[in-house]
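Please open the model in your viewer and keep the sequence panel beside it. The tour goes stop by stop, saying what to select and what is found there.

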Amino acid sequence: MAKVPVQFTLNGAEKAEFIDSGTTLLHALRDKIGDTSPKGGCHQGTCGGCSVIIDGELRLSCLTLAETCNGAAITTASGLSEGGVLHPLQRAFLDAFATQCGFCTPGMIMAATVLLDHTPNPSRDEVVEALSGNICRCTGYEPIIQAVLTAARSNSQNAA
Amino acid sequence: MALALQTFSTVKEANAALTVAGTRYLGGGTLVVRAANEGDVSVSILIRSTEPSLSAITVSGDKVRIGASVTMAAIACHPDLSSLAHAARAVGGPAIRNMATVGGNLFAPAPYGDFTVALLALDTTVSTKDGEVPIETFVAKRESNHAIVTAVGFTLPVDGGFRFLKVSRVKPTGVAVLSIAAVLEQAPDGTVSSARIALGCMADRPMRATAAEKALLGRKLTSDGIEPALAVARDGTSPITDPIASAWYRNEVLPVHLGRLLLA
């Protein structure tokens with residue numbers, strides 16, 4: 001099958017690849033571009049492990065065809081740290097023991113990033129709602145919720 | 001089998017491409033890409049259209065037109081559609097709502113398709129190149145539809161006239177045990193003058209609870225008033241059995257939840 005070109009911004013860097021038509025964004029990111037932070041869990045849109053941010057919106061890369069992302073700005077969990085310094089959400093996840101196996105963590109952090117971008121001081125219910133499309137089978141969710149609330153408090157203290 | 005994607009700037013071109021064997025229309029991807037990921041090899045070419053009208057919401061007075069590519073998230077945050085926001089938010093989690101489209105929801109098999117339950121209660125019309133058809137007709141024959149859905153249209157109910165309930169085991173977002181939508185009009189004395197009730201998960205696709213609708217006419221929305229409607233709520237149902245609930249369970253709890261919706 002003929003290859004098709006895709007071009008988008010990934011974590012601020014221009015990326016261009018030739019891929020098989022019909023390739024999912026998850027496959028393109030992990031196996032063509034080498035960003036393995038989005039995880040392929042269910043491939044059904046149920047687990048949220050493949051969550052990425054496309055043009056500011058949370059999307060599931062396992063159900064998104066890469067060709068539909070031409071010209072888009074894509075953010076993954078691997079693009080959050082700057083100069084080796086963890087993003088406040090990543091730091092909060094570590095400090096709150098919000099990861100065990102870590103498989104769901106990049107998707108959780110993507111969902112939380114979108115939440116805090118739009119709602120800097122979310123309520124607990126808003127955090128639960130924002131993470132409702134992401135499944136964790138280790139933590140029981142509470143440490144994750146607390147980590148997001150901690151990161152939000154940390155952000156607002158730094159902004160003050 | 002590998003998939004290929006073909007993108008067209010107009011619906012007309014996309015409709016022409018869909019006449020080829022092995023093609024299917026791609027909306028938000030939450031149904032057809034999922035099916036491909038699960039190994040559905042019946043589709044080899046996905047077709048989509050980027051025609052702007054597919055992504056437009058138009059509200060003129062109480063008349064609403066929603067393009068088929070409009071997402072659940074767009075409906076949930078539209079200022080003129082606030083009465084429907086909770087039905088749009090009933091679909092999936094935040095990422096799914098950013099992807100799932102109104103057009104796609106019309107084809108979602110039970111236990112999915114919660115927003116179509118709402119559209120069924122709203123007496124929606126579904127537009128394709130062949131014209132407009134009532135949603136009930138469209139959903140009943142959706143497997144044989146080969147024309148791209150371009151929009152849905154309906155009249156906004158009066159304030160408080162639309163009610164929606166999704167029952168799920170996982171909060172705040174989970175797969176439905178069942179969902180119910182109702183558009184009710186009441187006479188000045190409080191009796192029901194018009195009722196449209198739609199059910200999700202009570203068949204393989206959204207269905208009307210016509211017996212319950214008739215039993216509500218002329219009755220007040222009190223425990224005694226709705227009793228006849230609850231007694232016939234299961235008429236014509238053929239619920240799905242899945243890991244969420246059995247058909248028996250869904251039928252048992254339907255009157256309970258319908259009662260809660262009507263008395264809310």
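Predicted model: local features only at pLDDT ≥ 70, side-chain atom pairs only at ≥ 80, totals over all residues.

**Stop 1: chain A as a whole**

Select chain A and colour it by secondary structure. It has five helices and five strands. Going along the sequence, their order is β-β-α-β-β-β-α-α-α-α. The radius of gyration of chain A is 16 Å, close to the 15 Å that the globule rule gives for 160 residues, so chain A is as compact as a globular protein of that length.

**Stop 2: helices α2 and α3 of chain A**

Select residues 88-95 of chain A, which are helix α2, and residues 105-118, which are helix α3. How do these two helices cross? Their axes come within 10 Å and the crossing angle is roughly 130 degrees. That angle makes α2(A) oblique to α3(A). The crossing of this pair is right-handed.

Now show the side chains. From α2(A), the residues A:L89, A:Q90 and A:F93 meet A:T105, A:I109, A:A112 and A:T113 of α3(A). Sorted by class, this contact has four nonpolar, three polar and no charged residues.

**Stop 3: helices α2 and α5 of chain A**

The crossing of α2(A) and α5(A) is right-handed.

Which residues meet in this pair? On α2(A) they are A:P88, A:L89, A:A92 and A:F93; on α5(A) they are A:A147, A:V148, A:T150, A:A151, A:S154 and A:N155. The contact of α2(A) with α5(A) has seven nonpolar, three polar and no charged residues.

**Stop 4: the sheet of chain B**

Switch to chain B and select its strands β4, β5, β8, β6 and β7. In that order, these five strands form an open sheet with antiparallel pairing. Which strands stand at the edges? They are β4 and β7 (131-134) of chain B; each has a single partner strand, so one side of each is left without a neighbour in the sheet. On average, neighbouring strands of this sheet are turned by 20 degrees against each other, direction ignored.

**Stop 5: two strand pairs in the sheet**

Zoom in on β4 (residues 57-60) and β5 (residues 63-67) of chain B, which run antiparallel and are joined by four bridges. B:T58 has B:R65 in β5(B) as its bridge partner. The hairpin of β4(B) and β5(B) has two residues between the strands, and B:G61 there takes a positive phi near 65 degrees.

Next, select β6 (residues 125-128) and β8 (residues 151-155) of chain B. Three bridges join these antiparallel strands. Opposite B:T125 stands B:G153 in β8(B).

**Stop 6: where the chains touch**

Show both chains together. How many residues does each chain give to the contact? Chain B gives 20 residues and chain A gives 25 residues. On the side of chain B that touches chain A, β1 (4-8), α2 (32-37) and α5 (94-97) of chain B each supply at least two residues. The residues on that side of chain B divide into eleven nonpolar, seven polar and two charged.

Note on methods: Residues numbered from 1 in each chain as written. Chains lettered and ligands numbered in written order. Axes fitted to C-alpha atoms, helices over the stretch in contact; angles between N-to-C directions. Parallel < 35°, antiparallel > 145°, perpendicular 65-115°, else oblique. Left-handed = near helix turned anticlockwise from the far one by under 90°. Contact = placed C-beta atoms within 7 Å. Nonpolar A, V, L, I, M, F, W, Y, C, P; charged D, E, K, R; others polar. Pairing = 2+ DSSP bridges. Rg over C-alpha atoms; globule rule 2.2 N^0.38 Å.
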